[in-house]
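Please look through the structure shown below and follow the report alongside it, going from a single loop to the whole fold.

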Amino acid sequence: MGDHGHELWFGAGLTPKASGADRLIRQAVAAEEMGLDLLGVQDHPYQPSFLDMWTLLPALAARTSRIRLFPDVVNLPLRPPAVLARAAASLDVISGGRLELGLGAGFFWDGIAAMGGPRHTPGAAVEALAEAIAVLRALWTPGDPVVLDGEHYALDGARPGPFPPHPIGVWVGAYKRRMLELTGRLADGWVPSLGYAAPAELAGLTKIVDAAAEEAGRDPGDVRRVYNIAGRFSSIGTAAFLDGPPAQWAEQLAGLTLSHGFSVFVLSADDEHTMRTFAAEVAPAVREAVGRERATPAAGPEPAVTLGKIGPLDEASRPRLPKRDLAALTPAQRANGRRLVQIHDHLRRELAQIRDALEQVAAGQGEAAALRSLINELTMRQNYWTLGSFCASYCRILTAHHGIEDAHMFPALTAAEGSLAPVVARLEREHEIVAEILTGLDAALVIMIEDPSHLGAVRDQVDLLSDVLLSHLAYEEEELVEPLSRLDLEI
């Protein structure tokens, strides 16, 4: 537990009442103008007095330009994940990369059944959610048609696409142990609500998420913490949570960030005055309090790898295994290994695109902002933004090649041939290093957009990315092409 260092986001939670459609649009526009970061919209398809969330969100996207959009949370039993994947990616494209996806396993089962949905047992609901996450990520990942054989959801040659322009965060609403453990293993975010998880309960729930993440080989900080809140502003403080002046709210929310790692707070408020007070007084005060704590030097040694201090990979320390002759394998077997090389070649071409765009900026023929947009849209950006076994290194999700490797290919390889474990562990660590370099490159680009004299720092970061990425891809091919082919494992 403790602060995970994520950027703080503050959002408005909207109740999608059909009788207040115009008000919802006004609230969304006002929230963006106030500087809020997120719009959360409930999803209750069985509720006849509510607008359909998936119809409302594009309308909100069309009237805004910056604020993020967040289904809070999707009712999975009534939203088949293959179709949901297409819908979410489409909205991310339309909105310019502003979608984060909340997922719920299902709650009001009578309402779900009335709409023709399944009535899952608690165990089946957890299993279905895990399968749905696999479907989503598979269809957001460039590659061959996807075959997944699940108990609840299956794909039989579905082609991936469209591809989100940014890694969509998969944030799971969870309270019970099995759902919390799933969140720690697979999700990019955890979304409890104040009405179901009081502040005093968060420590115990957080421990379950963190333990599951660690058991899966993830950093607990890879799971972003999102808290749906409600409260009352008053001039006199009380002992209750979020019942008092803005300063009291700020102190309590900052405490949740520093103690339990919560970094996204979505306020359910249907009146503009409450939302404006939250945006103008609470959010800045929380950011200031948390920033003050984060600026205090921590005791202990500096981490071995920190942003801006990453050097070339230590190639000499890489584990290497004996290789067998590929010529002895069938053409079909060799095709599995070649598929990895083809994916890597795509990443190499994208690296060349970055270099070309950088030189255009240097020659005065391109804009730094356009270069940053290009990098954020690259498959490589999605590949490396988040790492590990379905983990999120900052606040976003794992969507492409390395995510599939870490979550599917790597476990399959080590299960089939245990001697590969040291190689796989090294590759996973190198994934994390590439992710940090990409984050550093983006930070350098942000500075250069404001001050073009910082072009040299961007070039240095691109050079570092090139050195590390090309070395990593070559090592991965050297060690994995042969076993992927021989063991007849699909990527």
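Leu-242 lies in the loop between β11 (232–233) and β12 (243–244), in what is a predicted model. The phi angle of Leu-242 is near 55°, which is a positive value in a residue other than glycine. Is Leu-242 buried or exposed? Because its relative accessibility is 1%, Leu-242 counts as buried, the cut-off for that class being under 20%.

|---|---|---|
| Asp-72 to Val-73 | near -5° | between β3 and β4 |
| Gly-161 to Pro-162 | near -10° | between β7 (154–158) and β8 (170–172) |

Strands of a sheet pair through backbone hydrogen bonds, and this pairing can be either parallel or antiparallel. In this model, 9 strands form an open sheet with parallel pairing, and their order is β3-β2-β1-β13-β10-β9-β8-β5-β4. The edges of the sheet are β3 (68–71) and β4, each of which pairs on one side only. Further inside that order, β10 and β13 pair in the parallel sense over 5 bridges, and Tyr-227 has Phe-265, a residue of β13, as its bridge partner.

Rolling a probe the size of a water molecule over the atoms shows where empty space is left. The largest pocket holds about 1200 Å³ of space. It is lined by 40 residues, and those closest to its centre are Val-73, Phe-107, Gly-173, Tyr-175 and Tyr-196. Sorted by class, the lining has 21 nonpolar, 15 polar and 4 charged residues.

What does the protein look like as a whole? It has 15 helices and 13 strands, and buried residues make up 53% of its 491 residues. Of the contacts between residues at least 6 apart in sequence, 74% join residues at least 24 apart. The protein exposes about 20600 Å², and carbon and sulfur atoms supply 54% of that area.

Key. Residues are numbered from 1 along each chain as its sequence is written. This is a predicted model: local features need pLDDT of at least 70, side-chain atom pairs count only at pLDDT 80 or more; totals for chains, interfaces and linings use all residues. Side-chain values use heavy atoms; hydrogens and water are left out. Helices (H or I, at least four residues) and strands (E, at least two) are DSSP runs, numbered from the N terminus. Buried means under 20% relative accessible area, exposed over 50%, partly exposed in between (1.4 Å probe, protein chains only). Contact means heavy atoms within 4.5 Å. Accessible areas come from the Shrake-Rupley method with a 1.4 Å probe; for residues, only the protein chains shown count as cover. On a 1 Å grid over the protein atoms alone, a cavity is a set of points where a 1.4 Å probe fits but cannot get out, and a pocket is an open set with protein on both sides within 12 Å along at least five of seven lines; lining residues have an atom within 4 Å of a point. Grid points are joined across faces, edges and corners, and a volume is the space filled by probe spheres set on the points. Ala, Val, Leu, Ile, Met, Phe, Trp, Tyr, Cys and Pro count as nonpolar, Asp, Glu, Lys and Arg as charged, and the others, Gly among them, as polar. Two strands pair if DSSP finds at least two bridges between them.
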